[in-house]
Amino acid sequence: MKEKTWVLIPAALLICVVALPAQWLAGQAAGGGDDNPDARPPATKADVRIVQRAREILNSPSEWNRADTRVCPTDAKTFSLYCALEKATNEIGAKFEHRAAAMQEARFVIDDIAPNRKNYHHRLMDYNNAPTTTFADVQKFFRLLGDRISTRLRDESQGRNK
């Protein structure tokens, strides 16, 4: 029995040594379990639908909540950028994740278009709530976001990760 134990213990340790780093690397590649503000998880067809649906949810100035708190009531009648994306994600049937591809690309769009981005603590909320952001800016944001997700999806499916 002692001989079997001496063989099984090193085998079990070897499995752990190989499996744990592989799981960690897989998590990092998928955007990780951390809250990396620069995470870039792969885009999916669901992300394209999420952006389309969020744009439909927020399709008129009367539906725009200009006072975002990143708390999204299920019975809301008005929506911020963040809450429109969260609601769309839930409606599409995807699991809402703070650092999912559509949410991350939304943040990157804001990085590109917001003049005061460096002053933002929460990109989506602060851009949404900025007094200089207009409803035309919101529509432009969704157009750019849709284009960006579609481009990433095409590039990733062709094996050219950006």
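The structure holds four aromatic pairs, where rings of Phe, Tyr and Trp (its six-membered ring) pair if their centres lie within 6.5 Å, with planes under 30 degrees apart counted as stacked, over 60 as edge-to-face and the rest as tilted. This is a predicted model, in which local features need pLDDT of at least 70 and side-chain atom pairs count only at pLDDT 80 or more, while totals for chains, interfaces and linings use all residues. Residues are numbered from 1 along each chain as its sequence is written, and side-chain values use heavy atoms, with hydrogens and water left out.

**First stop: Y82 and F96**

Select Y82 and F96, which form an edge-to-face aromatic pair, 5.9 Å centre to centre with 75° between the planes. The pair links distant parts of the chain, since Y82 belongs to helix α3 (residues 81-92) and F96 to the loop between α3 and α4, 14 residues apart; helices (H or I, at least four residues) and strands (E, at least two) are DSSP runs, numbered from the N terminus. Is Y82 buried or exposed? Y82 is buried, with a relative accessible area of 6%, whereas F96 is partly exposed at 22%; buried means under 20% relative accessible area, exposed over 50%, and partly exposed in between (1.4 Å probe, protein chains only).

**Second stop: Y127 and F141**

Now select Y127 and F141, a tilted aromatic pair with 6.5 Å centre to centre and 35° between the planes. This pair, too, links distant parts of the chain, with Y127 in helix α5 (residues 123-129) and F141 in helix α6, 14 residues apart. Y127 counts as buried at 5% relative accessibility, and F141 counts as buried at 0%.

Two packed helices are described by the angle between their axes and the distance between the axes. Colour helix α4 (residues 101-113) and helix α6 (residues 135-157), which pack at an angle of about 120° with their axes 9 Å apart; axes are lines fitted to C-alpha atoms, for helices over the stretch in contact, and angles run from 0 to 180 degrees between N-to-C directions. That angle makes α4 oblique to α6, given that angles under 35 degrees count as roughly parallel, over 145 as roughly antiparallel, 65 to 115 as roughly perpendicular and the rest as oblique.

To see which residues meet, show the side chains on both helices: A101, A102, E105, A106, F108, V109, I110, D112 and I113 in α4 meet F141, L144, L145, R148, I149 and R152 in α6, where contact means heavy atoms within 4.5 Å. The residues of this contact divide into eleven nonpolar, no polar and four charged (Ala, Val, Leu, Ile, Met, Phe, Trp, Tyr, Cys and Pro count as nonpolar, Asp, Glu, Lys and Arg as charged, and the others, Gly among them, as polar).

Move to R70, in the loop between α2 (45-57) and α3, where R70 is partly exposed with a relative accessible area of 28%. Phi of R70 is near 65°, a positive value in a residue other than glycine. Then select E97 in the loop between α3 and α4, which counts as partly exposed at 39% relative accessibility. E97 and E86 are eleven residues apart in sequence and 8.6 Å apart in space, C-alpha to C-alpha.

**Last stop: the whole chain**

Zoom out to the protein chain, which has six helices and zero strands. Of its 162 residues, 35% count as buried.
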